[in-house]
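Hi everyone, thanks for making time this morning. Let me put the structure up, and then we can walk through it together.

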Amino acid sequence: MSKTLERMNELGLELPEIATPAGAYVPALRTGNYVYTSGQLPVVDGKLPATGHLGTDVDLDTGYQLARTAGLNALAAIAGVIGDLDKIVRVVKVTGFVNSADDFTQQPAVINGVSELYGEIFGDRGQHARSAVGVNTLPLGTPVEVEVIVEVSGDAA
């Protein structure tokens with residue numbers, strides 16, 4: 001078992017199945033030593049556990065947990081491209097979109113769910129640049145969507 005999967009097990013985390021794309025795209029794509037994910041939703045067993053806007057329909061803690069789930073789904077998509085998550089040299093960038101009520105301004109606190117997750121799993125390799133963007137709507141009414149860019153070793157699949 002890879003060190004990354006061992007660490008995830010220690011944290012009580014499991015790598016989910018790769019989420020089925022909701023359109024004509026691939027979950028993740030490698031170019032050179034970088035893997036880019038498509039937008040990852042917090043889908044669990046093929047379903048969104050919550051829908052709506054942060055600040056009215058979804059509370060901050062739920063949004064944070066949904067961001068963690070989307071982050072795990074991003075790792076599954078990355079693993080689908082490179083195989084072993086130990087081949088991740090570092091997480092480069094996380095872009096988080098938060099389906100926000102007009103007066104909701106805590107997008108960074110929501111996307112901390114992904115950032116802190118990657119810190120827990122990867123340590124220093126998990127530190128990354130980030131954007132947390134409030135939007136009026138997201139696909140399927142999801143409260144959170146996450147895109148991730150990672151650098152991988154040259155021998156990654």
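Let me start with a question for you: is aspartate 45 buried or exposed? Aspartate 45 is exposed, with a relative accessible area of 76%; here buried means under 20% relative accessible area, exposed over 50%, and partly exposed in between, with a 1.4 Å probe and protein chains only.

Before going on, a word on the source: this is a predicted model, where local features need pLDDT of at least 70 and side-chain atom pairs count only at pLDDT 80 or more, while totals for chains, interfaces and linings use all residues. Residues are numbered from 1 along each chain as its sequence is written, and side-chain values use heavy atoms, with hydrogens and water left out.

Back to aspartate 45, which sits in the loop between β2 and α2. Helices (H or I, at least four residues) and strands (E, at least two) are DSSP runs, numbered from the N terminus. Phi of aspartate 45 is near 50°, a positive value in a residue other than glycine. Leucine 140, in the loop between β4 and β5, also has a positive phi, of about 60°, and counts as exposed at 62% relative accessibility. As background, most residues other than glycine have a negative phi.

Serine 38 is also in the loop between β2 and α2, but serine 38 is buried, at 19%. Neighbours within four places in sequence aside, serine 38 is in contact (heavy atoms within 4.5 Å) with residues including Tyr25, Val146 and Glu147.

Now the strands, which pair if DSSP finds at least two bridges between them. β3, residues 88–99, runs antiparallel to β5, residues 144–152, over nine bridges, and threonine 95 stands opposite glutamate 147 there. β3 is also joined to β4, residues 129–135, in parallel by seven bridges, with lysine 93 facing alanine 129 as its bridge partner.

Finally, the core, meaning a set of buried Ala, Val, Leu, Ile, Met, Phe, Trp, Tyr and Cys residues joined through side-chain atoms within 4.5 Å. The largest nonpolar core has 36 residues, and Ile78, Ile88, Tyr118 and Val148 have the most contacts inside it. Two or more residues come from each of α2, β3, α3 and β5, and α2 gives the most, with ten. Beyond its neighbours within four places in sequence, tyrosine 118 is in contact with Gly71, Leu75, Val91 and Val148, among others.
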